[in-house]
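Work through the aromatic contacts in the model below. Each exercise has a task and a stepwise solution.

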Amino acid sequence: ETSRDRLLQQTCEILQQILHYRLVWIGVPEEAERRVRPVAATDTTYLESVVITWDQRLTGQGPVGRALRTRQPQTVRSTRDDQQFALWREAALAKEYESCAALPIQHQDTLYGALVVYASVPNAFDADAMRLLEELADDIGYALHGFDARDESVLATMHLRESETRYRTLVESAADAIVTIDERGCVQTVNPAVERMFGFTPAEILGHSVSLLI
């Protein structure tokens, strides 16, 4: 997949379809208000009704906030009984979310967000399930790292082209003759001022010794 948004959305949908979880979503930590912003989800109605942060406030004490702060997987064995989930219990039970897992999405030192999964039964996230989800979260982190590398390459190429354009404009408009030569002293490029000053057209001087101009 070449689109970051489609990759994340399809990951949520495939995970729900294969493992039949009630809700799968991916959120990213925002610095401004320390909110966790959903960027992909199989259902948005629950997420629209709750506030989740990743700081030390009560809204950050749930599995998602803890996963982002500690960079460690977090589970809620029962949304009915876990006291740290009390803030979201009513909204979760209305959707039949009985247990929950949140896993950090990261690669090397970069934290990208959290993969969050809700199940319709308590204690849904045993060691095998968590192992699978951790592997998936790692794969997502690796993919997002790849997108960052691609974006950096595209940006570098764009800056290089802009630099080349500025350089070419300066050289072409310069009043002085500007000539580049190779290690043998043969002319590689000339600007228009060369012809005005020396009378040689580019075709007559390119590839020849720069001594023609001396």
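The model is predicted: local features need pLDDT of at least 70, side-chain atom pairs count only at pLDDT 80 or more, and totals for chains, interfaces and linings use all residues. Residues are numbered from 1 along each chain as its sequence is written, and side-chain values use heavy atoms, without hydrogens or water.

**Exercise 1.** Classify the pair of Y46 and Y97.

Step 1. Apply the rule: rings of Phe, Tyr and Trp (its six-membered ring) pair if their centres lie within 6.5 Å; planes under 30 degrees apart are stacked, over 60 edge-to-face, the rest tilted. The count comes to five aromatic pairs.
Step 2. Y46 and Y97 are 5.2 Å apart centre to centre, with 85° between the planes. The pair is edge-to-face.
Step 3. Place the residues, taking helices (H or I, at least four residues) and strands (E, at least two) as DSSP runs numbered from the N terminus. Y46 is in helix 2, and Y97 is in the loop between helix 4 and strand 4, 51 residues apart.

**Exercise 2.** Are Y46, Y97 and Y118 buried or exposed?

Step 1. Buried means under 20% relative accessible area, exposed over 50%, partly exposed in between (1.4 Å probe, protein chains only).
Step 2. Y46 has 2% relative accessibility, so Y46 is buried. Y97 is buried at 2%. Y118 is buried at 1%.

**Exercise 3.** Which residue lies over the face of W54?

Step 1. The test requires NZ of Lys or CZ of Arg within 6 Å of the ring centre and within 35 degrees of the ring normal.
Step 2. R34 lies over the face of W54, at 4.0 Å from the ring centre.
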